[in-house]
Amino acid sequence: MPGQPPAICDYEGSSYRTDFWEGKGREYEDAVERIALRALLPPAGQRYVEFGAGFGRLINEAGRYDQVVLVDYSRTLLAEAQARLGRSERYLYVAADVYNLPFVTNAFDVAIMCRVIHHLADVPAALRQIRASLTPGATFILEFANKRNLKAIARYLLGRQDWNPFAPEPVEFVKLNFDFHPAYIQQALQAAGFVPGPRRNVSMLRLGLFKTVLPLGAMLALERLIQPTGSLLPISPSIFVRNGVSGSRGQVVARESLFKCPACGSADLEQDGDVLVCRTNAERWAIRDGIYDFKEPLSA
Ligand SMILES: C[S@@+](CC[C@H](N)C(=O)[O-])C[C@H]1O[C@@H](n2cnc3c(N)ncnc32)[C@H](O)[C@@H]1O
């Protein structure tokens with residue numbers, strides 16, 4: 001409906017970590033995402049953010065950065081991340097909606113988003129929000145689920161799948177689960193002000209057969225050879241793309257100036273105990289157990 005905010009795939013209270021990852025035979029998927037990230041991430045940076053960080057599965061890939069911010073809509077997944085990583089000056093936990101981010105411009109010089117955009121019904125809106133939080137010269141690494149992958153093409157040609165993997169529009173195969181055409185993502189990134197760069201074909205061997213016959217080490221060796229082909233022909237189920245922001249790399253804002261009020265956009269926030277108060281519209285945002293909560297303001 002026009003004017004309605006996009007629906008959110010809500011992971012609050014979910015057991016995503018134990019349901020999907022731990023002991024679920026996805027060592028290959030986890031490892032290949034790290035291979036892609038290590039190949040694409042810049043060697044150093046000031047403030048790193050992961051949008052939709054969940055329980056912080058991939059956050060140890062941010063080791064080279066001075067400060068690390070985990071953003072997610074799910075407070076409970078952030079609490080799981082915090083339980084593992086601890087409270088410190090290095091890690092900041094922020095419950096927020098990627099459609100309405102609480103960060104000023106020049107907040108981050110490195111950003112990633114992995115396994116999240118496939119839940120987003122309004123990709124352009126989310127990419128604009130992310131772009132607005134970055135410095136000139138920043139890097140943004142995006143993972144997306146590719147509708148034009150080999151398996152989808154084969155199924156379509158054999159008449160086993162009704163949607164066309166070559167059509168540019170996203171396909172919602174389950175509610176709030178989308179696959180995207182690489183050209184659609186490229187266009188959306190450019191429209192949001194990014195300069196898309198190298199892509200990697202990730203998880204090409206994500207098939208039960210390969211997992212049965214090949215040891216993990218052999219799969220990863222093959223994966224390392226395959227991934228760089230994504231720039232030429234993105235055809236794997238998961239694609240990683242590194243995007244630049246034009247300009248020479250700028251300085252991120254000081255930690256104290258990081259947030260803005262997501263309700264009115266004012267950066268004039270003052271901390272009062274465990275509450276951030278917006279001095280423009282008087283909205284109050286809680287800091288609970290070390291997690292900044294910008295999902296909704298405290299009632300007056
Ligand atoms: C499939 S999980 C991936 C988590 C993590 N990126 C990983 O790869 O392990 C999707 C995550 O996106 C988050 N998410 C979905 N919609 C969101 C939104 N609108 N704003 C912020 N986070 C969102 C969910 O809460 C969930 O943690």
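Which residues does E33 touch, not counting residues up to four places away in sequence?

Modeller: First, the ground rules. This is a predicted model, where local features need pLDDT of at least 70, side-chain atom pairs count only at pLDDT 80 or more, and totals for chains, interfaces and linings use all residues. Residues are numbered from 1 along each chain as its sequence is written, and side-chain values use heavy atoms, with hydrogens and water left out.

Now E33. Leaving out residues up to four places away in sequence, E33 touches W21, R57, L58, C114, R115, V202 and F240. Contact here means heavy atoms within 4.5 Å. E33 counts as buried, at 0% relative accessibility. Buried means under 20% relative accessible area, exposed over 50%, and partly exposed in between, with a 1.4 Å probe and protein chains only. The E33 side chain makes a polar contact with the side chain of R57, at 2.6 Å. A polar contact is a pair of N or O atoms within 3.5 Å; within protein, one must be able to donate a hydrogen and the other to accept it, and residues adjacent in sequence count only if both atoms are side-chain atoms.

E33 sits in helix α2. Helices (H or I, at least four residues) and strands (E, at least two) are DSSP runs, numbered from the N terminus. Helix α2 covers residues 27–40 and lies across β4 (108–113), β5 (134–145), β8 and β9 (238–244). The helix runs at about 150° to β8. Such angles run from 0 to 180 degrees between N-to-C directions, and the axes are lines fitted to C-alpha atoms, for helices over the stretch in contact.

R115 lies in the loop between β4 and α4 (123–132). R115 is not a glycine, yet its phi is positive, about 60°. At 17% relative accessibility, R115 counts as buried. L176 also has a positive phi, near 60°, without being a glycine. L176 lies in the loop between β6 (171–174) and β7 (177–179).

Next, the strands under the helix. Six of the six residues of β4 are buried, so β4 is largely enclosed by the rest of the structure. Three bridges join β4 to β1 (residues 45–51), and these two strands run parallel. V49 stands opposite A111 in β4. Five bridges join β4 to β5, again in parallel. F108 stands opposite L134 in β5.

These strands belong to an open sheet of 11 strands with mixed pairing, in the order β8-β9-β5-β4-β1-β2-β3-β13-β12-β11-β10. Two strands pair if DSSP finds at least two bridges between them. The edge strands are β8 (195–202) and β10 (269–272), each pairing on one side only. On average, neighbouring strands of this sheet are turned by 20° against each other, direction ignored.

Further along the sheet comes β3. Five of the five residues of β3 (residues 91–95) are buried, so this strand is largely enclosed by the rest of the structure. Y91, Y93 and A95 point one way, while L92 and V94 point the other. Five bridges join β3 to β2 (residues 65–72), and the two run parallel. V71 stands opposite V94 in β3.

D293 lies in β13 (residues 291–293). D293 is buried, with a relative accessible area of 3%. Its side chain makes a polar contact with the side chain of R75, at 2.4 Å. D293 also touches W285, among others. W285 is the bridge partner of L276 in β12. Three bridges join β11 (residues 275–278) to β12 (residues 284–288), and these strands run antiparallel.

Last, the cores. A nonpolar core is a set of buried Ala, Val, Leu, Ile, Met, Phe, Trp, Tyr and Cys residues joined through side-chain atoms within 4.5 Å. The largest has 49 residues, and F51, F103, M113, I117, F140 and F259 have the most contacts inside it. It draws at least three residues from each of domain 1 (16–256) and domain 2 (259–294). Those bounds come from an automatic or database domain assignment. F259 touches residues including L92, V94, F103 and L276. Apart from this core lies another, of 32 residues, among them L37, A53, I59 and L220.
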